[in-house]
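Thanks for coming. Please look at the screen.

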Amino acid sequence: MTEEKQEFISREESGGDLALADDILPGHLHVLPVNGRPFFPAQVQPIIISAEVWGETLKRVAKTEHKLLGVAFVHDKNPDDVPELDDIPLIGCVVRVHHVQVEDGRVQFIAQGVRRFRVLEWVNRKNPFLARVHYPAETSRFTDETKAYAMAIINAIKELVTINPLYSEELKHYLNRFSPNDPSPLTDFAAAITTAEGPVLQGVLETLPLQKRMEKVLMLLKKEVEVARLQAEINESVNDSISKHQREFFLREQLKTIQKELGLSKDDKTAEIEEFEQRLQGKNVPAAARKRIDEELHKLQMLEVGSPEYGVTRNYLDWATSVPWGVYSEDSFDLQHAHAVLDEHHSGLDDVKQRILEFLAVGSFKQEISGSIMLLVGPPGVGKTSIGRSVADALGRQFYRFSVGGMRDEAEIKGHRRTYIGALPGKLIQALKDVEVSNPVIMLDEIDKLGASYQGDPASALLEVLDPEQNREFLDHYLDLRVDLSKVLFICTANQLDTIPAPLLDRMDTIRLSGYITEEKLAIARNHLWPRVLERHGLKKSQLKISDATLKLLIEGYARESGVRNLEKLLQQIARKAVVKLLENPQLKLSVTQKDLHDYLGAPVFRAERILSGTGVVTGLAWTAMGGATLPIEAAVVHEQSRGFKLTGKLGEVMKESAEIAYSFAAGHAARFGGDAAFFDKRFIHLHVPEGATPKDGPSAGVTMTTALMSLMLNKRIRRPLAMTGELTLTGQVLPVGGIREKVIAARRSKIMEVILPEANRHDYDELPEHIRKGMTAHFAEKYEDVFRVVFGG
């Protein structure tokens, strides 16, 4: 069958009559898949495709006389990839190709929509695709209902054009090609100008009955009108807001100009200079500082506001004039008030309070409290930071706290040079600016955790700050001015002294805060922690109660550490669970008993300390950063084949040396203490310190290790609760050790009421508060013979 005959048959099958030459459509079409949106017969728009992939298709179309191409929509496909035949829909749009251009590997042409086509059979199933096609006829009659739909579509298009003028250009192109009275192209044009998604528009393209197609398009147009109307409202709102702001801006600028002409206002530069000068009024600025500030003010007057140097100079003056030069708050020297403040905020710590009151008494006697440096040392949670705040309240001074823990840059203390972008003064100048007086109480928290790096050593920078002879002329790198810090009261806190550099430690007056015993913790929990917990959780005392017996069990079973921070966390946990119950039943009156603790907090963390006993087992006393602790030491004979000595328990170097000394002393003086002189010559001795995963070090276990070896040699066990501490020398001298308070508290907590201490530590024991020494029996040893006499008699 000839091509012309096929074309005629296709036309006849379409239900058409004799056609014009331009309307004769081929029976075979090359098909081009496009993504994004389907093409409609009423459209004229450019199409851009890959020359490498689809160039051959366009070349074959160009060789035909009709220049017609079938365009089919494929959804979610890469336009540069060849799709599968199953992805290409059977209905598409015939377009006439105009003005083909190739550039940078892409082909662009103008596509003019002609009419729909349906694929009957694929002639070439690979790229370039060729199909035998059929052109469906639109047989719907132009009824009154169809006319009504057409009018509705035209009205919707008019409304769109009114709201968004961009649609008017597309409407002009359409009217140049079609009559507004032709409903089919009108419907296709209306669908093409909407922003509906591709699959929805493909559904419109595949809807051949005209009236059904008009129904779908009218719904799309209504949605488009709503979106366009909403967009117009948003644009109008934004434009109104912008217009209002622009109007206000112009009015303000005009007002500034009028006020400036009348001399009623000043420009920003003049206003800032006057503000800086006003800040200095009433301040006693040193002559050198005043001269430097005046020079910077003169420079600021010469600079333009937009100059980078202007911002640098302005920031410098902002800081320099914010320093409270010569401004001091009045101190309160009422010792009774100070005593009341300390008692109100803290229970126990009587020795610490006494030291602070002595310090305040000297200030009261002189009627001046000059700058001093106090160092509060103690385990975590014993109240070091809150004591510093209480001192400020007792003196009536401003309080400023910052942590130096982990600080590695000395610029944090002394400030950055002004040459750096974003330079700032050090923390001390910032503190003075915040408190607005030159004699605040400044707390340097965690001073034992200072770091060091290539950027400097903050500990060395603090040497100038914490030296009363130097800090009266403290030099900040940013200000480059001498600032008097001699009236500042510095209070530092630390958990231990070992990591604080000796020159820095030498400048501070050290006050030790030991851990609390159970009775002190009970008082703190009842008088301070529990009321605060109830307040923070919005609870009334009548809604949640806890007895002293329950608190004591809570302290001994869950919060045995030296401080009270964990104790407060546990009380908060109880309050939170109580709040949950009260929300379920607001009428409840809860009372936490000892039996309830397991439900609120789970199983106890600490069990009652079991004091190890037996031959070769002795209880020692140790100090840790968390407070005091008991330290059992065990000695045993492994075999009697040869002499030897073994140590276990993750001991440090100092503690290993103490064990060697203890072994040498016991072996060398065995006969003197009633033992077999050859006992250690024939036996392999193993000495162990339990809890092997915990590192241990220090010299204070010397007498304990020696006593364990003596017990093993004499085959005698210690039959009463007894603990001891002290360093031993090779000649049997008992040397003093530290942490006596913590060690005695640890013994008392373990219900060991008899201790052996070095004679040189007698004064440390005598200075302990009465409630800690009450019921305790203390023996003091100058030589090991004194220890032996207490433990074994004779």
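Start with R116, whose side chain reaches the backbone oxygen of L205 at 2.7 Å. The side chain of R116 also makes a polar contact with the side chain of D188, at 2.8 Å. A polar contact here is a pair of N or O atoms within 3.5 Å; within protein, one must be able to donate a hydrogen and the other to accept it, and residues adjacent in sequence count only if both atoms are side-chain atoms.

Before going on, a note on the source: this is a predicted model, where local features need pLDDT of at least 70, side-chain atom pairs count only at pLDDT 80 or more, and totals for chains, interfaces and linings use all residues. Residues are numbered from 1 along each chain as its sequence is written, and side-chain values use heavy atoms, with hydrogens and water left out.

Back to R116, which lies in strand β5, residues 106-124. Helices (H or I, at least four residues) and strands (E, at least two) are DSSP runs, numbered from the N terminus. Is R116 buried or exposed? R116 counts as buried, at 3% relative accessibility. Buried means under 20% relative accessible area, exposed over 50%, and partly exposed in between, with a 1.4 Å probe and protein chains only.

Next, salt bridges. Side chains of opposite charge can pair when their charged atoms come close. The cut-off is a side-chain nitrogen of Lys or Arg within 4 Å of a carboxyl oxygen of Asp or Glu. How many salt bridges does a search of the whole structure find? The search finds 30.

One of them joins D318 and R279, at 2.7 Å from N to O. D318 lies in helix α10 (residues 308-322) and R279 in helix α8 (residues 268-280), so this pair ties together parts that are 39 residues apart in sequence. D318 is buried, with a relative accessible area of 16%, while R279 counts as partly exposed at 25%.

A second bridge, between R418 and E296, has an N to O distance of 3.5 Å. R418 is in the loop between α14 (411-414) and α15 (427-435), and E296 is in helix α9 (residues 287-302), 122 residues apart. E296 counts as buried, at 5% relative accessibility. R418 and E296 also belong to a network of salt bridges that links them with R292, K299, E309 and D480.

The last pair is K414 and E464, which meet at 2.8 Å, N to O. K414 in helix α14 and E464 in helix α16 (residues 458-465) are 50 residues apart, and both are buried.
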